[in-house]
Amino acid sequence: MRIPDQRHAVGTIETDRTREGGDRSAAGEATWVDAPPDEQFRRIVEKISAPIYVVDVDGRLTFCNEAATALWGRRPPLGETRRCGSWRLYWPDGSPMPPGERALALTLKKRDPVRGAKAIAEHRNGERVPFLAEPTLLFDADGALAGVVNL
């Protein structure tokens with residue numbers, strides 16, 4: 001049995017929009033056959049429907065996918081935004097959540113993931129979206145804490 005060359009089997013990243021006959025220019029952008037592995041991975045993470053964002057060790061936002069911007073209701077500036085892109089966060093009972101008590105902030109402070117934390121993100125227009133935080137610590141090649149990825 002001959003196994004096809006995986007490089008040719010992969011082709012392009014197809015999104016729901018392009019599959020349903022939407023904007024095909026997005027498919028052209030998504031061609032990744034010759035892209036380096038890091039770029040392939042980034043393009044995939046950007047298309048995942050779960051909100052994913054990364055902060056550095058100081059809590060500055062360094063990456064967010066489209067689903068994260070949808071959760072927050074805005075596209076926060078990278079490198080400037082601290083800890084999360086939400087306008088405001090609340091506890092499940094609706095009371096305001098102080099910045100230092102958020103799962104990501106506690107994960108950075110304690111150097112231990114605070115997983116399964118329930119919260120509510122508020123958009124600037126007042127819409128509220130419940131979510132579950134799943135932060136994971138990120139380490140550099142030397143084992144030093146480099147930041148947190150939150151799903």
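This is a predicted model: local features need pLDDT of at least 70, side-chain atom pairs count only at pLDDT 80 or more; totals for chains, interfaces and linings use all residues.
In what order do the 3 strands of the open sheet with antiparallel pairing stand? The order is β3-β4-β5.

1. **Overall make-up.** Let me start with the whole chain. The protein chain has 6 helices and 7 strands. Read from the N terminus, its elements follow the pattern α-α-α-α-β-β-α-β-α-β-β-β-β. Of the 151 residues in the protein chain, 32% are buried. If you take contacts between residues at least 6 apart in sequence, 35% of them join residues at least 24 apart.

2. **The sheet of 3 strands.** Back to the opening question: this sheet is open, its pairing is antiparallel, and its order is β3-β4-β5. Its edges are β3 (88-90) and β5 (128-133); each has a single partner strand, so one side of each is left without a neighbour in the sheet. On average, neighbouring strands here are turned by 35° against each other, with direction ignored.

3. **How β3 meets β4.** The antiparallel pair of β3 and β4 (residues 117-122) is joined by 3 bridges.

4. Another open sheet has 4 strands in the order β2-β1-β7-β6, and the pairing is antiparallel. Its edge strands are β2 and β6, each of which pairs on one side only. From one strand to the next, the twist averages 20°.

5. **β1 and its two partners.** In the sheet order, β1 stands between β2 and β7. With β2 (residues 61-64), β1 pairs in the antiparallel sense over 3 bridges, and Val55 stands opposite Leu61 in β2. The hairpin of β1 and β2 has 4 residues between the strands, and there Gly59 takes a positive phi near 85°. With β7, β1 pairs in the antiparallel sense over 4 bridges; here Asp56 stands opposite Gly147 in β7.

6. **The helix on the sheet.** Which strands does α6 touch as it packs on the sheet? They are β1, β6 and β7, and the direction of α6 makes about 155° with that of β7. The buried residues of α6 are covered by elements that include β1 (53-56), β4, β5, β6 (135-139) and β7 (145-150). Buried in α6 are Ala103, Leu104, Ala105, Thr107 and Leu108. After the helix comes Arg111, whose phi is positive, near 60°.

7. Thr107 lies in α6. Is Thr107 buried or exposed? Thr107 counts as buried because its relative accessibility is 0%, where the cut-off for buried is under 20%. Setting aside neighbours within four places in sequence, Thr107 is in contact with Asp112, Pro113, Val114, Pro135, Leu137 and Val148.

8. Pro113 lies in the loop between α6 and β4. With a relative accessible area of 28%, Pro113 is partly exposed. Not counting residues up to four places away in sequence, Pro113 touches Thr107, Pro135 and Leu137. If you like a distance to check, Pro113 and Val148 are 35 residues apart in sequence, and their C-alpha atoms are 8.9 Å apart in space.

9. **The second largest pocket.** Two or more lining residues come from each of α6 (103-110), β4 and β5. The element that gives the most is α6, with 4 residues.

10. **What the lining is made of.** How many nonpolar, polar and charged residues line the second largest pocket? By class, there are 14 nonpolar, 1 polar and 4 charged residues.

Note on methods: Residues are numbered from 1 along each chain as its sequence is written. Side-chain values use heavy atoms; hydrogens and water are left out. Two strands pair if DSSP finds at least two bridges between them. Axes are lines fitted to C-alpha atoms, for helices over the stretch in contact, and angles run from 0 to 180 degrees between N-to-C directions. Ala, Val, Leu, Ile, Met, Phe, Trp, Tyr, Cys and Pro count as nonpolar, Asp, Glu, Lys and Arg as charged, and the others, Gly among them, as polar. Buried means under 20% relative accessible area, exposed over 50%, partly exposed in between (1.4 Å probe, protein chains only). Contact means heavy atoms within 4.5 Å.
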